[in-house]
Amino acid sequence: MLRGNDLVCVRGDRRLFEDVNFFLDAGGIMRVSGPNGSGKTSLLRMLCGLSLPAHGEISWRGTAIRSLGGEYYNEVTYLGHLAGVKDELTAIENLRISSALAGAEIGEDKAREVLQYVGLGGRELLPVKVLSQGQKKRVALARLLVSSTALWILDEPLVALDTSAIKMIKDLLEQHLAQGGMVVMTTHQEIDIAAATIQQLQLA
Amino acid sequence: MLLWIIQRDLLLAMRRQSDVLTTLFFFIIVVSLFPLSVGPEMNMLRTMAPGIVWVAALLASMLSLGRMFSSDYLDGTLEQMLLSPHSLFLLVLGKALAHWLVTGVPLVLMAPILGIQYDLPADALFVLTASLLLGTPILSLIGAIGAALTLGLRGGGVLVSLLVLPLYIPVLIFGSGAVEASSAGLGYGAHFSLLGAFLLVAVAFSPWATASSLRISME
């Protein structure tokens, strides 16, 4: 499904990583690990097509992602370092707008239900700027619950979350993987996720 | 999708009214300063009016360009837009339209009132307002390219003006030219046709250029 071939990342005159190869199949999870500055985020941004590898190719279902364009984005959800939520908007507005952008419009009732599930019940109508870091992260993570995409690319999804939220993410990921979804994630925290295939990609 | 983006940006503008009002007050103050400093010579004011109103509209529109993409860039929502299965062309067009609705339309609405300070006759006021109505969307569309190119750069504000002002010049010439032509008793149809042509070219070309610039800036 998702394949990386001889990927090289260059930042300025520094080579962050080279010869990165992987193959991720349905139901598989790949954890990208490495010290700070080893290019984990750069790799994830490449997988999303936000930046191009200096060398090598990333393909999805056998086709290079750069020639897929919108088709690829129908099947990918990316959660980056930045939460991607607007401070001035309420949690409901944020969730409805981001899911409309991702091509899956949802109604207000559905948004309310999902926010309730991620533990923001009663706070749906507050502007996100008054929420805590962890709650903001939950608003961002709520997008995963309404997405029907196959590949989830998650950059440090556990930062700022409490144990109950981490448990929720674990369940969510396991459910996604059991349904044949795929996950690429980075994290510095220990988390055991049951999956058909578990890969570690170590960046030097 | 276009409507979602416009709705979103209008909602954001409503929650952050100070941004919108800054632009409008800047426009009102600049236009009002001239009659005060030049003095009450009606003939001179009448000839100066179209140029002053247009230059002020241009500067006011530029003042707000920096915000078009930068807040979305900083909180990661721009990243999500680039990863949307919808066409980036439409998303960018929506953002430029929202920018026009928030900064351009108030200027157009204020222009006839401000024109009275310059003793403009009713038909000249009408032409001035109509020329702004045609011209200000072009300013937002062209400005979007500059805002996208300078995204995330230090001192981007100065660079935006250097990039965008030369492209604004034709709009300025034909916009204020239309009012002068109508005051001189000549037809203003040709000016309006040219402004309309600029607008069509900008609608077709600028979102595409902006989308490519955003992809480069985000890399």
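**A walk through chains A and B**

Hi everyone, let's begin with a sheet in chain A: four strands, open, ordered β2-β1-β4-β5, with antiparallel pairing. At its edges are β2, residues 14-24, and β5, residues 63-64, of chain A; each has a single partner strand, so one side of each is left without a neighbour in the sheet. Before we go on, please keep in mind that this is a predicted model.

β1(A) and β2(A) pair in the antiparallel sense, over seven bridges. What connects β1(A) and β2(A)? They form a hairpin with two residues between them. In that turn you will find A:Gly12, with a positive phi of about 65°.

On to the next pairing. Strand β1 of chain A, residues 2-11, is joined by five bridges to strand β4 of chain A, residues 55-60, and these also run antiparallel.

Now, a helix. Helix α1 of chain A covers residues 40-48 and lies across β1, β2 and β4 of chain A. It runs at about 125° to β1(A).

Which way do its strands pair?

Four bridges join β6(A) to strand β7 of chain A, residues 151-155, and the two run parallel. Within that pairing, A:Leu79 has A:Leu154 in β7(A) as its bridge partner.

Let's step back and see chain A as a whole. Its secondary structure comes to six helices and nine strands. The C-alpha atoms fill a box of roughly 50 × 35 × 35 Å along the principal axes. For 204 residues, a compact globule would have a radius of gyration near 17 Å, and chain A agrees, with 17 Å. Buried residues make up 40% of chain A. Looking at contacts in chain A between residues at least 6 apart in sequence, 70% join residues at least 24 apart.

Time for chain B. How many helices and how many strands does chain B have? Nine helices and zero strands. Its radius of gyration is 18 Å, close to the 17 Å that the globule rule gives for 219 residues, so chain B is as compact as a globular protein of that length. Its C-alpha atoms fill a box of roughly 55 × 35 × 30 Å along the principal axes. In chain B, 45% of the residues are buried. Among its contacts between residues at least 6 apart in sequence, 80% join residues at least 24 apart.

One helix pair in chain B deserves a look. The axes of helix α7, residues 122-149, and α8(B) come within 9 Å and cross at roughly 170°. Angles over 145 degrees count as roughly antiparallel, and α7(B) and α8(B) are therefore roughly antiparallel to each other. The residues of their contact divide into 17 nonpolar, seven polar and one charged.

Staying in helix α8 of chain B, which spans residues 156-183, please find B:Pro170. Is B:Pro170 buried or partly exposed? It is partly exposed, with 15 other C-beta atoms within 10 Å; being buried would take 20 or more. B:Pro170 and B:Phe27 are 143 residues apart in sequence and 20 Å apart in space, C-alpha to C-alpha.

In the contact, 20 residues of chain B meet 24 residues of chain A. On chain B's side, α1 (2-15) and α5 (77-82) each supply at least two residues. What kinds of residues does chain B bring to that side? Eight are nonpolar, six polar and six charged.

Terms used. Residues are numbered from 1 along each chain as its sequence is written. Chains are lettered from A and ligands numbered from 1 in the order in which they are written. This is a predicted model: local features need pLDDT of at least 70, side-chain atom pairs count only at pLDDT 80 or more; totals for chains, interfaces and linings use all residues. Two strands pair if DSSP finds at least two bridges between them. Two residues are in contact if their C-beta atoms, placed from the backbone, lie within 7 Å. Axes are lines fitted to C-alpha atoms, for helices over the stretch in contact, and angles run from 0 to 180 degrees between N-to-C directions. Ala, Val, Leu, Ile, Met, Phe, Trp, Tyr, Cys and Pro count as nonpolar, Asp, Glu, Lys and Arg as charged, and the others, Gly among them, as polar. A residue is buried if 20 or more other C-beta atoms lie within 10 Å of its own, exposed if 12 or fewer, and partly exposed in between; C-beta atoms are placed from the backbone. The radius of gyration is taken over C-alpha atoms; the globule rule is 2.2 Å times the number of residues to the power 0.38. Angles under 35 degrees count as roughly parallel, over 145 as roughly antiparallel, 65 to 115 as roughly perpendicular and the rest as oblique.
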